[in-house]
Amino acid sequence: MNTRKHEHFGWLTAGAVIVTAVATMSQPAVAALEDDETKAQLGAVGIFGVAGVVAPENAESDLVLGAGVDLGSLWQPWLKVTAGVSHWSAAIDRQAYGQDVDGTLSDTRLYTNLGTELFAIKSIRPYLNAGVALHFVGADVPSDPSLQSALQGTHVGGEVGFGAVAHRGAITLGAGARREFVSNAKNWTFTIGIGTNWTPASR
């Protein structure tokens with residue numbers, strides 16, 4: 001278990017370092033994009049919703065849904081903060097544990113991320129982010145109560161992601177991919193989303 005925790009926080013630290021380094025190198029370009037923003041402003045400036053596909057390592061691919069809040073910027077105007085929730089439930093991979101089992105695995109995730117938009121191609125802005133999340137992993141395995149007990153639990157995990165957003169006035173469209181490092185529910189997640197911003201500083 002300690003090894004897994006070290007792995008999770010190692011990935012989180014690596015992701016945070018990468019985001020910070022790239023953001024620092026990209027600061028002049030990002031600053032030029034945000035000529036209406038002169039300092040970091042932390043506070044709710046928008047909301048968004050996402051839908052997509054989750055691909056867990058030990059379960060079948062399935063639908064993931066989420067929602068979140070754009071919390072402005074922290075320390076520097078180009079360092080964006082978001083927080084939110086997501087949920088998925090999928091059939092367990094029957095061969096993942098070396099035995100035939102029927103059941104479901106689920107994860108409800110509460111997260112916060114730091115990210116940066118790298119540059120602009122017209123209205124499209126690629127981004128990188130990294131964060132930490134609290135995962136409520138659930139399992140329903142009627143045929144194997146001991147496996148069910150082993151799978152479910154509450155865990156803290158790191159995550160890193162990338163994608164692109166397009167700002168159209170108060171509306172933001174986005175698409176991205178994310179790798180989540182969490183005990184019993186490691187996964188890749190691919191989503192598209194739509195949001196609205198109510199302050200110029202968030203665009």
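Helices and strands are runs assigned by DSSP, a helix having at least four residues and a strand at least two, and they are numbered from the N terminus. In this predicted model, the elements follow one another from the N terminus as α-β-β-β-β-β-α-β-β-β. That makes two helices and eight strands in the secondary structure of the protein.

**The barrel**

The eight strands close into a barrel, taken in the order 1-2-3-4-5-6-7-8, with antiparallel pairing. On average, neighbouring strands of this sheet are turned by 25° against each other, direction ignored.

| Strand pair | Sense | Bridges | Residue pair |
|---|---|---|---|
| Strand 1 and strand 2 | antiparallel | ten | glycine 52 and valine 64 |
| Strand 1 and strand 8 | antiparallel | eleven | proline 56 and asparagine 187 |
| Strand 5 and strand 6 | antiparallel | 14 | isoleucine 124 and alanine 166 |

Strand 1 and strand 2 form a hairpin, with five residues between them. Strand 1 also pairs with strand 8, over eleven bridges. Strand 5 covers residues 124-140 and strand 6 covers residues 153-168. Isoleucine 124 stands opposite alanine 166, which belongs to strand 6.

In a regular strand, side chains alternate between the two faces of the sheet.

**The cavities**

How many cavities of 30 Å³ or more does the protein have? The count comes to two. The largest cavity holds about 770 Å³ of space. Its lining consists of 44 residues, and the closest to its centre are Phe48, Thr82, Tyr127, Asn129 and Val165.

Which elements give two or more residues to the lining of the largest cavity? They are strand 1 (42-56), strand 2 (62-73), strand 3 (80-91), strand 4 (104-117), strand 5, strand 6, strand 7 (171-181) and strand 8 (187-197). By class, the lining of the largest cavity has 17 nonpolar, 21 polar and six charged residues.

**The chain as a whole**

The protein has 203 residues, of which 43% count as buried. Buried here stands for a relative accessible area under 20%. Among contacts between residues at least 6 apart in sequence, 61% join residues at least 24 apart.

Definitions and conventions
Residues numbered from 1 in each chain as written. Predicted model: local features only at pLDDT ≥ 70, side-chain atom pairs only at ≥ 80, totals over all residues. Heavy atoms only, no water. Pairing = 2+ DSSP bridges. Axes fitted to C-alpha atoms, helices over the stretch in contact; angles between N-to-C directions. 1 Å grid on protein atoms, 1.4 Å probe; cavity = no way out; pocket = protein on both sides within 12 Å on 5 of 7 lines; lining within 4 Å. Points joined across faces, edges and corners; volume = space filled by probe spheres on them. Nonpolar A, V, L, I, M, F, W, Y, C, P; charged D, E, K, R; others polar. Buried < 20%, exposed > 50% of the residue type's maximum accessible area, 1.4 Å probe, protein only. Contact = heavy atoms within 4.5 Å.
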